[in-house]
Amino acid sequence: MINNDSDTSREWAAQAYALLKQKQALKKEEEKIKEKEKIKEEEQIKEKEQIKEKEQIKEEEQIKEEEQIKEEVYKKDFSNVTYETAANLGEFDDEFTWSAMVLAAQGKKINEISTDEIDWLSKLRRGLEETRKGFVTELLDKLGDDPLTPESLDDLETLLIRADVGMDSTNKVIDSLRKKLNEEVVGGEEGIKFLKNELQAIIEEPIKNSGSNILVPKKGKLNVWLIVGVNGVGKTTTLGKLAYLSSKSNYKTLIAAADTFRAAAVEQLKVWGDRSQVDVISNQSKNADPAAVVFDAINAAKKRNSDLLLVDTAGRLQTKNNLMDELSKIKKIIDKKVPDAIIESLLVLDASQGQNGLKQAKSFAKSANLSGAIITKLDGTSRGGVSLAVSAEVNLPIRFIGAGEGIKDLRPFNSFEFVEALLADR
Ligand SMILES: Nc1nc2c(ncn2[C@@H]2O[C@H](COP(=O)(O)OP(=O)(O)OP(=O)(O)O)[C@@H](O)[C@H]2O)c(=O)[nH]1
Ligand SMILES: [Mg+2]
């Protein structure tokens, strides 16, 4: 049958082959489609992954940006604070020009200068006018434009002592000037410039030794600043101004009214607290224990995650020992409750008290473990020079200075600006 039907068989086989071929082609086609679908699916997955990745990058960038903003807020130190209600721009006069030049000399660009800074510098210069009058004006009269002589150094010595600059600082300055005079001829103008540098170096030394140029609350910790000093020097007022400065610089701030000695102290603090929108933790009961107020304030500060706790203390205790005992009790409480808190003990000194203030600083420094000084009432005193004595003789970094009773009349201490204001006539 095979032979007879060979043609038929061949045809059948050909058909079968064609059918198989067709099937194979179909299968191939199917595989191709499947392959295409697979590729498509893979591409879709890839696309989805890419979208996800992009979103993730965007999210990360957003987080980074937010962190940067947070960081900026923390970086904003007290010296650059500008208040919501800026000071009025005064006349374009000598005062404005001088203030702007002092800022420019520190590298500020025209568009970076604020009315608040000009206002403060003008106030500082005006405040130091009395000190300057009995010092620089006379010095300039004596020096004239002539080169310095050994006699003019004697005059300078007397003037520095009279401005309450203190013996140590005066000797330092006069010695370096004498040394310079032995080596070369020093003109009047050059003498003033040299004097400014010497005075600034004296004030800067304890600041440099402290390791930080400016005092600001450290991030991520509770900072506790104890405001200490004798009766009436301006502790409460200074604390009020500090609360304002700090809250305007976006630090979460709290006040502890630990002066339980004077009945009106809490009320006085509350007024400052209202002005700066900072809460005051107090204990109204009579003869409350200052350490107990600090205890409550620390609890509140921890609960609120505060950056800075400002503690007002009494200056009116009968004996110095009482005062010191109280301060050490307060410190113990802080150490116990927040061992990693950063404690600053800031001594407030009234510049108008001159050498008396210096004596207080020395006696406090011995027993109160101070970390810095705040000089107040630099407006209208003839004893502004005492700031130098505090640096040279008590070795305390000056952290803030106050020149007026207003809320904005306190600034971080800047030695360059201070010396320029002190010797502003040239
Ligand atoms: N002119 C001027 N007056 C100031 C300055 N700082 C404070 N005062 C004034 O000094 C006086 C005493 O200020 P307080 O802040 O009450 O002083 P204190 O050290 O807290 O006083 P006690 O709590 O009684 O020890 C007030 O009349 C303040 O207005 C300042 O920088 N310049
Ligand atoms: Mg007070």
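1. Some ground rules before you dig in. Residues count from 1 along each chain as its sequence is written, while chains are lettered from A and ligands numbered from 1 in the order in which they are written. Since the model is predicted, local features need pLDDT of at least 70 and side-chain atom pairs count only at pLDDT 80 or more, though totals for chains, interfaces and linings use all residues.

2. Start with the sheet. It is open, has 8 strands in the order β3-β2-β4-β1-β5-β6-β7-β8, and its pairing is mixed. Helices (H or I, at least four residues) and strands (E, at least two) are DSSP runs numbered from the N terminus, and two strands pair if DSSP finds at least two bridges between them. On the edges sit β3 (279-281) and β8 (410-412), each pairing on one side only. Ignoring direction, neighbouring strands are turned by 25° against each other on average.

3. Now look at β1 (residues 223-228) and β5 (residues 342-350): these strands run parallel and 6 bridges join them. V224 stands opposite I343 in β5. Helix α12 (residues 354-368) packs on the sheet, where α12 touches β1, β5 and β6 (372-376). The direction of α12 makes about 160° with that of β5. Angles here run from 0 to 180 degrees between N-to-C directions, and axes are lines fitted to C-alpha atoms, for helices over the stretch in contact.

4. Which residues come nearest to ligand 1? Of the 21 residues around it, they are G234, T236, T237, G315 and G402. (A residue is near a molecule or strand if its C-beta atom, placed from the backbone, lies within 6 Å of it.) Helix α8 (residues 235-248) gives the largest share of this shell, 3 residues. By class, the shell holds 3 nonpolar, 10 polar and 8 charged residues. Nonpolar means Ala, Val, Leu, Ile, Met, Phe, Trp, Tyr, Cys and Pro; charged means Asp, Glu, Lys and Arg; the others, Gly among them, are polar.

5. Helix α8 also has a partner, α9 (residues 265-276): their axes come within 9 Å and cross at roughly 20°. The two helices are therefore roughly parallel to each other. (Under 35 degrees counts as roughly parallel, over 145 as roughly antiparallel, 65 to 115 as roughly perpendicular and the rest as oblique.) Among the α8 residues that meet α9 are T236, L239 and Y244, and the contact divides into 6 nonpolar, 6 polar and 1 charged. Contact means C-beta atoms, placed from the backbone, within 7 Å.

6. Compare that with α2 (residues 94-104) and α3 (residues 115-127), which pack at an angle of about 110° with their axes 9 Å apart. That makes α2 roughly perpendicular to α3. The contact includes F96 and W98 of α2 and I118 and L121 of α3. Its residues divide into 7 nonpolar, 2 polar and 3 charged.

7. Last pair: the axes of α7 (residues 188-210) and α14 (residues 415-422) come within 9 Å and cross at roughly 140°. So α7 is oblique to α14. K196, L199, Q200, I203 and E204 in α7 meet S415, F416, F418 and V419 in α14. This contact has 5 nonpolar, 2 polar and 2 charged residues.

Key: Contact = placed C-beta atoms within 7 Å.
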